[in-house]
Amino acid sequence: MRAAVRTGTTEGRQMGGIREIAIAGAGMAGLHAAESLREAGFEGRVTMIGDEGHRPYSRPPLSKEFLTGKGAPASVELRDDAAFEALDLDLRLGRRAQRLRPAERAIELDDGSAVAADGVVVATGARARRPDTALDGVHVLRSVEDAEAVHEAFKTEERVVVVGAGFIGAEVASSARSAGLEVTLLEAAPTPLTRVIDPRVGGVFTELHRDNGVDLRLGVGVTGFEGRGRVERVRLSDGDTLDASLVVAGLGALPNTEWLEGSGVGLAEGTGGVLCDEYCRTAVPGVYAAGDIAAWPHPRYGGLMRLEHWTNAGEQADTAVRNLLAGDGAGTPYTPVPYFWSDQYGMKIQLLGQAAPADTAEIVHGSAEDRKFVAFLGRDGMLVGVLGLRSTPKVMRYRRLLSERTTWEGALAEVNPRS
Ligand SMILES: Cc1cc2nc3c(=O)[nH]c(=O)nc-3n(C[C@H](O)[C@H](O)[C@H](O)COP(=O)(O)OP(=O)(O)OC[C@H]3O[C@@H](n4cnc5c(N)ncnc54)[C@H](O)[C@@H]3O)c2cc1C
């Protein structure tokens, strides 16, 4: 845990003429923004606006250990009371930022009040894409309430249909098996995780699900949900129909940008997030963005990058805040080595860097058959990613190659097959 203690005078040290900072969004990025402000010695007012009614909490367990047990769900607390209170925030929980009004240096909230701010950190994250149905029994998984509902349903239902074999869908399938449910996992693509991983490597995850008793159906989409009030059947694109009274959809996430409409903050084409420059600055002076919502040009990967990764939310918020306090024209470009992990069937999957289906993939340690490997991912002659299954120390060792920009050949030359 990071220290969260204020230092200095009680006068309220201002930095770069900034007296009041508003953080919109009380998630991981919002929390890190608050902590970084205080660690940097900012003693002005910090207002945190969060529509969920909870202090920032940890989402990754929601699809993992939170769901698996029959007893009380695992804790998702990120900071204890003392650490959180030491941040001395003007907390507006259960309140939505409705509109950013740069000319008035204010954020309008959904209760009609306004929060004054010379600086703003946009950290409103993303929400789960919902399937097109209002039937009960069809769930998504983003918030702690979503997870509580799924956890409760796992206690009484015998089977679940999971739609989408991306990371969240795959983790829900794994957790449901641990909780003793029968699982049908539907994926429109030819392998799980196809959005991120070469199908030749993704194939190992197909076997992982099947060996764990999941009825994995690939190349199959959902054409509709049927039932009276509550879901009873799922119609599939191959003409089949599944009986189902519990469905969990993992259909990806949509950035929460609506409240920024008309503010002058630009949106990124393609990735759909808030458009930032390499300093996490939006088009509006004094307004920075971080976390799942932010899209920015990462010089090492070309084009815009928007990550839905836990580690990124914290790291990007730290950089955004440092740059906000440094003022326009100063600061540090944000050039992280992206990092993502997933836990499925007791195995850790890790991805450093970036992965796209078209990347070259080569296993450099272990093997897919042993379900223990490290694979290099290459693009245009460069190493762009390192993917590992049950290989944490080895994956982390190659982080340096990604931060130093290493050619594909150079990366292969660094591999010691006996290590
Ligand atoms: C179930 C699940 C499992 C995950 N597992 C992993 C994992 O294993 N590994 C990994 O790397 N990543 C994982 N992630 C992703 C990770 O949790 C996210 O990348 C991270 O939470 C992003 O943090 P954030 O603060 O940017 O956004 P969020 O966590 O989305 O927080 C944004 C907050 O702002 C609120 N908000 C939205 N609009 C407004 C508004 N207008 N006004 C006020 N508040 C608003 C939202 O309700 C939310 O509370 C997982 C995500 C989920 C949902």
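In this predicted model, a polar side-chain atom of Arg142 sits 2.7 Å from an oxygen atom of the ligand. Lys64 places a polar side-chain atom 2.5 Å from a ligand oxygen. For Arg59, the distance from a polar side-chain atom to an oxygen atom of the ligand is 2.6 Å.

How much of the ligand does the protein bury? Taken alone, the ligand exposes 1000 Å², and the protein buries 95% of that.

Now look at the shell itself. There are 34 residues around the ligand. Asp51, Glu52, Arg59, Lys64 and Asp292 come nearest. By type, the shell holds 15 nonpolar, 9 polar and 10 charged residues.

Step back to the whole chain. It is divided into domain 1 (20–127 + 261–326), domain 2 (129–249) and domain 3 (346–413). Where does the ligand lie relative to domain 1 and domain 2? Both domains give residues to the shell, so the ligand lies between them.

Domain 2 also meets domain 3. Their centres, taken over C-alpha atoms, are 28 Å apart. Domain 2 brings 14 residues to the contact, and domain 3 brings 12 residues. The size of an interface is often given as the accessible area lost when the parts come together. Here domain 2 and domain 3 bury about 1100 Å² between them, with 70% of it on carbon and sulfur atoms. Val201, Val204 and Leu208 supply 37% of the area that domain 2 buries against domain 3, more than any other three residues.

Terms used. Residues numbered from 1 in each chain as written. Predicted model: local features only at pLDDT ≥ 70, side-chain atom pairs only at ≥ 80, totals over all residues. Heavy atoms only, no water. Near = heavy atom within 4 Å. Polar contact = N/O pair within 3.5 Å; in protein donor to acceptor, adjacent residues only side chain to side chain. Areas by Shrake-Rupley, 256 points an atom, 1.4 Å probe, with all protein chains shown as cover. Nonpolar A, V, L, I, M, F, W, Y, C, P; charged D, E, K, R; others polar. Domains from an automatic or database assignment. Contact = heavy atoms within 4.5 Å. Buried area = accessible area lost by both parts, 1.4 Å probe.
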